[in-house]
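Me: I have a model open and would like to learn how to read it. Can you take me through it feature by feature?

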2 protein chains.
Amino acid sequence: MAILGLLREGPMHGYELKQRLVDLGFWRISFGSVYPALRRLERARFIEVSPGSGRRKEYRITAEGKEHFQQILEDEASEVENTSAFRVRLAFFKYMNPETRIDFLERRKTVLRERIASARTSLRRTADRVDRYTQSLMEHGVRSAEADVAWLDELIASERTQDGAPGAEKI
Amino acid sequence: MAILGLLREGPMHGYELKQRLVDLGFWRISFGSVYPALRRLERARFIEVSPGSGRRKEYRITAEGKEHFQQILEDEASEVENTSAFRVRLAFFKYMNPETRIDFLERRKTVLRERIASARTSLRRTADRVDRYTQSLMEHGVRSAEADVAWLDELIASERTQDGAPGAEKI
DNA sequence: CATCGTTATATCGGGTCGATATAGCGATGT
DNA sequence: ACATCGCTATATCGACCCGATATAACGATG
């Protein structure tokens, strides 16, 4: 999905795609994921290949590819539990129907809130049994999730005020 | 490694192990990882199985298992780029040689600092080309990483003052 | 023009994930 | 008494991802 999204901006070769994925925060994406994914997308006729300069291969998205991308992006039941899947969809939010954007963000927020609640419960439950390192780890997990929720609130707020310039409220 | 660490605390069955892994922040750990892992550990003689109550199977760590756990925990070249691997080691920090703990935390900090730097670079490089959502995503990534660094600083500080009570400096 | 670091494509084995199957268990309702 | 529901519990499968590795051309430095 991320590859299709990036190729919507314009044709690219594999190595460049990988770099752009790293830029989006997928630090550890591997060539062992990228190249097989490109072959799968080609087989499915969602992308096309043509020789670029040197030994490069230029990948271009097809009409079917755009259609498929839109379909999985707009899918109402779109994954919101999976952090990576969430981040990919957010990176291509501009292509998402504005009406479903807020719903999508709210659903992510619900998931995080649930995790925070259950993490707090297990912290209380195990407070006396686990060592200070484990406890610090769990507490940091809660704080991170809370920061994520605050960020989602920013995004939702700027999405509601239509003009929407997230970053205007930036710290 | 996480399974061996948890079994050091006492015998457990598979389902319970999975729950404890979730408690440690591995929200999405799957049974398709847990049960095959238990079989591999059994084959390697790092754990032993005995029938528990009902249809449960109780897993126990062996002497070889403890030895192996200690070895991969203390391994100087221990993975610090991989967030999951880092978190597992931190969860079992009490078993790690105190001299190597600070080094381990510092190395993780270096990795995060490098990521922050490269993320800032790619933010500056792409600031005018990418849309506001992508930008917010990248900015949030940087803020999260910075929060992680601050947390590591807390852990390092409390580790240096021997008595070490992380959470004493808690916000 | 040798050498080194970067760009670039590709594959492989071992492992993870999400879905699914199966079934016993305890509680709640009628 | 017993149906049914949700939770506990073990297990497997296909599709896929990751890290290591192979290969080679390219550009810059000396």
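This is a predicted model: local features need pLDDT of at least 70, side-chain atom pairs count only at pLDDT 80 or more; totals for chains, interfaces and linings use all residues.

Me: What part of the DNA strand C atoms within 4 Å of the protein belongs to sugar or phosphate?

Reply: That part is 61%, with the rest belonging to bases. A polar backbone atom of Tyr15(A) is 2.6 Å from a phosphate oxygen. Tyr35(A) uses a polar side-chain atom, 2.7 Å from a phosphate oxygen, and His13(A) has a polar side-chain atom at 3.2 Å from one.

Me: Next, the backbone. What is there to notice about phi of Arg45(A)?

Reply: Start with the general idea: most residues other than glycine have a negative phi. Phi of Arg45(A) is positive, near 65°. The residue sits in the loop between H3 and strand E1 (47-51) of chain A. In chain B, Arg45(B) also has a phi near 65°, and its place is the loop between H3 and strand E1 (47-51) of that chain.

Me: Why does Arg45(A) count as exposed?

Reply: The cut-off for exposed is over 50% relative accessible area. Arg45(A) counts as exposed because its relative accessibility is 58%. Arg45(B), at 60%, counts as exposed too.

Me: Last topic, the interface. How many residues of chain A are in contact with chain B?

Reply: 39 residues of chain A contact 39 residues of chain B. The buried area is about 3900 Å², and carbon and sulfur atoms give 55% of that. On the chain A side, Trp27(A), Tyr133(A) and Leu137(A) lose the most area, together 19% of what that side buries.

Me: How many salt bridges cross the interface of chain A and chain B?

Reply: The rule finds 4. One salt bridge pairs the side chains of Arg125(B) and Asp23(A), at 2.9 Å from N to O. As for the helices, H7(A) gives the most to the side of chain A that touches chain B, with 15 residues.

Definitions and conventions
Residues are numbered from 1 along each chain as its sequence is written. Chains are lettered from A and ligands numbered from 1 in the order in which they are written. Side-chain values use heavy atoms; hydrogens and water are left out. A residue is near a molecule or strand if one of its heavy atoms lies within 4 Å of it. A polar contact is a pair of N or O atoms within 3.5 Å; within protein, one must be able to donate a hydrogen and the other to accept it, and residues adjacent in sequence count only if both atoms are side-chain atoms. Helices (H or I, at least four residues) and strands (E, at least two) are DSSP runs, numbered from the N terminus. Buried means under 20% relative accessible area, exposed over 50%, partly exposed in between (1.4 Å probe, protein chains only). Contact means heavy atoms within 4.5 Å. Buried area is the accessible area (1.4 Å probe) that two parts lose on being put together, summed over both.
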